[in-house]
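I opened this entry to record what I looked up, going from the whole chain to single residues.

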Amino acid sequence: MTYRIDSNFAVGRAAAVISQHATSSRHNTAGRTGLPGEPKGSMDPQTIQRRRWVILSVLIISLTAIVLDNTVLNIALKTISEPRGGLGASQSQLEWAINSYTLVFAGLLFTFGVIGDRIGRKRMLMIGMAMFGLASLLSSYAQTPTELILARALMGLGGAAVMPQTLSIITTVFDPRERPRAIGIWAGAVGVAIAAGPIAGGLLLDHFWWGSVFLINVPLTAVGVIAAAFLVPESRSRQPGRIDYLGVLLSIAGLVLVVFGIIQGGDSGSWLSLGVLGQLVAGLAVLAAFGWYESRIEHPSLDVRLFRDPRLSSAAGAIALVFFALAGAFFFISFYLQNVRGYSPLHAGLLTIPLAAGQLLCASRSPIMVRRFGAKAVCATGLLLVAVAMAGYYLLGTASPIWVLEVTFFIQGAGMGSVMPPATELVMSVVPRDRGGAGSAITNISRQVAVALGVAVLGSVLAQAYRAQLAPRLTVLPAAARNSATASIAATQAAAQHLGPSGRSLLTAADQSFVHAMHLTSVISCVIAVLGAVTVTIWMPGRRPALPPAAPGGVAAGTAARRNATAVRVGGAAAGSNATAVRVGGAAADGGTAAAEVAGAER
């Protein structure tokens, strides 16, 4: 789900929303002194009140490690793919390094939130942090791409355990008056971490080996675990939900089969082979069984019945399409900047700043635009901006002025900042207030699944188009080396370097072939974004009718606050999948800020 602080107006409404959530059974905790069932590690209210800002800083430290990890990985893809100095990972292996984290993370977020409600959120936070730190250490010293993929999956497990606890703890520590400010500080810190991630990753890669981008998580998680043990109070829900074991297994199995089939199809170049089609059909069948099962149980991990409302389904689709395009673009742009254009990792990280700037500018103004023009017009315009950005990538060549890419980044960020706030609010407004967790799960899954499919589909298209374009120009290589040379552009460049002067023509061909593949991928993304804009125009509601005047007694006011709440949904978060899964909109401690968007699941 998403946590968002959307300007002074939205922050004002946030207090009403959070106050309503705090009184619901989902947020009733036994972590206060004097309550029956008080968990071990709880604190008296006076101690919590004195330490509340220190506790917030501990939660920020816990989240920073996960946010940084997802943003630095994209910068490291090129280095990891290199045979010398990296792991020599192929295109498909890099896709799995991203998706192994994303699929586990998305599949287990809701479950770990329920477990935290049962056994204690502080305990689950510490377990998740320790697991994430250990998995980061394993990733740093992975010797093969397979080891990295497995370690990344374990990191997804730890991240899913951490995310739902952070804001759940905030709701038990801060009263409704201070909670918007606390979440504003939290979101602002997340925004800083997201913006700093690519720069920090580039700086590390310029001076150390590729594993340093994961090793940086270890001290952060260690500090987080120790600080949480001594400073964070324990809390748990009086009425925790039930764990949907079968639903979790079906969702992960179905997504893995579908993603595996897509990646294998792009890797082999044969989409009609039995191995590819069999996995795709099996994955879709398992996902269909998942949908059928979830629609018939009382406590589903994903309530698919909510998708019957076209408003919700169109909003979730808009969210998914934005992250689908972002995932694909970030996957190929890292190779374009470092392999084709020759920029250092640090320089490549700095060049992504306009993307965050575009998000910040438009996300902060999105609520105002929605009130004036309606969610439909704002979301459709945002998706069209994403389509324009995808078309901008088509204009890039091997020697294009870099300002073209910077403008393209800014336009894509502006599109994302326009779509995410109204689409997320629409999902949450359709879901009944006492089932906010279901709406959070929908927005989160939309993001994470879109990232996984975006990397798989667009990455496979990129890999297949690159090989097809480069194949006729491999005659300078021995026949036995041609297949491995097309695994990635880094592999091709490594092979060309062994040829001496005769390898220069192959280097030029590799750059041209990659740009051709990038153009094809961007065209597909552009078409999908345009179709998304059309879908939003048809099914998403437009401007909301004016609200009636507030009635005496506060009934109408309370209803208005609930209907208009675009502010903060509390209970968990996910910095998702990879750098591409996160939108930054900015936030400030005084509540007079823009928006910060972080994937997650509400508890």
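**Notebook: chain, helix, residues**

I began with contacts in the chain between residues at least 6 apart in sequence, and 82% of them join residues at least 24 apart. I note that this is a predicted model.

Next I looked up the make-up of the chain. I found 20 helices and zero strands. Of the 603 residues in the chain, 60% are buried. The accessible surface comes to about 21700 Å². Carbon and sulfur atoms account for 66% of that surface.

I then turned to helix 2. This helix covers residues 45-81, which is 37 residues. I read a span of 52 Å from its first C-alpha to its last, close to the 54 Å expected at 1.5 Å a residue. Where does helix 2 bend? The bend is at arginine 51 and amounts to about 60°. I also checked cover, and helix 2 is mostly covered, with 28 of its 37 residues buried.

Within helix 2 I picked out threonine 79. Is threonine 79 buried or exposed? I count threonine 79 as buried because its relative accessibility is 13%, and the cut-off for buried is under 20%. I then listed its contacts, leaving aside neighbours within four places in sequence. Threonine 79 is in contact with Gly85 and Gly86, and also with Leu205 and Trp210.

My next search was for salt bridges. Side chains of opposite charge can pair when their charged atoms come close. How many salt bridges does a search of the whole structure find? The search finds one. I traced a salt bridge to the side chains of lysine 78 and glutamate 82, at 2.6 Å from N to O. I looked up cover for both partners: lysine 78 is buried, and glutamate 82 is buried too.

I found a nonpolar patch of about 610 Å². The residues that make this patch are Leu134, Leu137, Leu138, Tyr141, Phe208 and Trp209. I followed up one of them, Tyr141. Tyrosine 141 sits in the loop between helix 4 (121-140) and helix 5 (145-173). Why does tyrosine 141 count as partly exposed? Its relative accessible area is 48%, and partly exposed is the class between under 20% for buried and over 50% for exposed.

Terms used:
Residues numbered from 1 in each chain as written. Predicted model: local features only at pLDDT ≥ 70, side-chain atom pairs only at ≥ 80, totals over all residues. Heavy atoms only, no water. Patch = residues over 30% accessible without salt bridge, like charges linked within 9 Å, V, L, I, M, F, W, Y side chains within 5 Å. Areas by Shrake-Rupley, 256 points an atom, 1.4 Å probe, with all protein chains shown as cover. Salt bridge = Lys/Arg side-chain N within 4 Å of Asp/Glu carboxyl O. Helix = DSSP H or I, 4+ residues; strand = E, 2+ residues; numbered from the N terminus. Buried < 20%, exposed > 50% of the residue type's maximum accessible area, 1.4 Å probe, protein only. Expected span 1.5 Å × (residues − 1). Bend = angle between axes of the 7 residues up to and from the residue. Contact = heavy atoms within 4.5 Å.
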